[in-house]
Amino acid sequence: MTAGVAVLTGGSAWAEVDYARDIRPILSNRCFACHGFDDKTREADLGLHTFAAATRDLGGYRAVEPGKPDASEVMHRLTTHDADEKMPPASSNKKALSPQEVALVRQWIAEGAKYQEHWAFVPPVKPKVPEMAFADLPLKEGPATEIDAFIRQRLPEHGLRPSAEADRATLLRRVSLDLIGMVPTPAELTAFEKDA
């Protein structure tokens, strides 16, 4: 792992770990059953479901020490070879974290262990539509919709360029296959091509 970037499967990397995308699924699948929201089932009086619970003083140490993964008990428990201390324990029937998942948790803690509310409780905010120059792209008039602007913004990152607009016969074939699962008849094709 390089500083500030967790290397994932396939060579891709996140510049910054996102709690909702990267960490919450790991904690939800492996940790919350024993260290989550339910006070009645919480083990060892340790919660990982909120920042306050994960960072509270547990008698000289913390499960999560923001900015200090090596001082965080979570990292010790995820990486130890001692079966009595390893998390999740074998008795839980939960798979151990992969090296990539451990690297994500380490990077998340190093970046401050920021928690985010579940997306369902966050009011949506309309993002600013990217402004782009379209002179060198096949569709010189620019994006047809705001979604096109976001797609066009990301294409160069993957070495891609937008395709030219499909001809009417191809468009009708695509929509027919999508909606009814059959290709259009010759009569439907002729009628569609003549319809301006």
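Predicted model: local features only at pLDDT ≥ 70, side-chain atom pairs only at ≥ 80, totals over all residues.
1. Tyr19, Phe51, Trp108 and Tyr115 form one aromatic cluster. Within the cluster, find Trp108 and Tyr115. Their ring centres are 5.4 Å apart and their planes stand at 65°, so the pair is edge-to-face. The cut-off for that label is over 60 degrees. Trp108 is buried, with a relative accessible area of 4%.

2. How many aromatic pairs are there? The count comes to 5. Another of them joins Phe32 and Phe37, with ring centres 5.4 Å apart and planes at 75°, so this pair is edge-to-face. Are the two partners buried or exposed? Phe32 is buried, at 13% relative accessible area. Phe37 counts as exposed, at 54%. Buried means under 20%, and exposed means over 50%.

3. The charged end of Arg168 sits over the ring of Phe192, at 4.2 Å from the ring centre.

4. Now step back to the whole chain. The protein has 8 helices and 2 strands. Read from the N terminus, the order is β-β-α-α-α-α-α-α-α-α. The protein has 196 residues, and buried residues make up 27% of them.

5. Helix 5 spans residues 99-110. Does its length agree with the rule of 1.5 Å a residue, or disagree? Its 12 residues should span 16 Å, and the end C-alpha atoms are 16 Å apart, so the two agree.

6. Which residues of helix 5 are buried? They are Glu101, Val102, Ala103, Leu104, Val105, Gln107, Trp108 and Ile109. Trp108 is the residue from point 1, a member of the aromatic cluster. As you trace the helix, remember a general rule. An α-helix has 3.6 residues a turn, so residues three or four places apart point the same way.

7. Look at what comes after helix 5. Gly112 follows the helix, and its phi is positive, near 110°. Ala113 also deserves a check. Ala113 has a positive phi of about 50°, although it is not a glycine. This residue lies in the loop between helix 5 and helix 6 (146-154). Ala113 counts as buried, at 0% relative accessibility.

8. The loop between helix 4 and helix 5 holds Pro88 and Asn93. The peptide bond from Met87 to Pro88 is cis, with omega near -10°. Asn93 is not a glycine, yet its phi is positive, near 60°. Asn93 counts as exposed, at 73% relative accessibility.

9. Next, the empty space. Rolling a probe the size of a water molecule over the atoms shows where such space is left. The largest pocket holds about 470 Å³. Helix 1 (19-30), helix 2 (32-35), helix 4 (73-79) and helix 5 (99-110) are the elements that each give two or more residues to its lining. Which helix gives the most? Helix 4 does, with 4 residues.

10. Last, the lining itself. The largest pocket is lined by 27 residues. Lying nearest its centre are His35, Leu46, Leu48, Arg77 and Met87.

Methods
Residues numbered from 1 in each chain as written. Heavy atoms only, no water. 1 Å grid on protein atoms, 1.4 Å probe; cavity = no way out; pocket = protein on both sides within 12 Å on 5 of 7 lines; lining within 4 Å. Points joined across faces, edges and corners; volume = space filled by probe spheres on them. Expected span 1.5 Å × (residues − 1). Buried < 20%, exposed > 50% of the residue type's maximum accessible area, 1.4 Å probe, protein only. Phe/Tyr/Trp six-rings, centres within 6.5 Å; stacked < 30°, edge-to-face > 60°. Lys NZ or Arg CZ within 6 Å of the ring centre and 35° of its normal.
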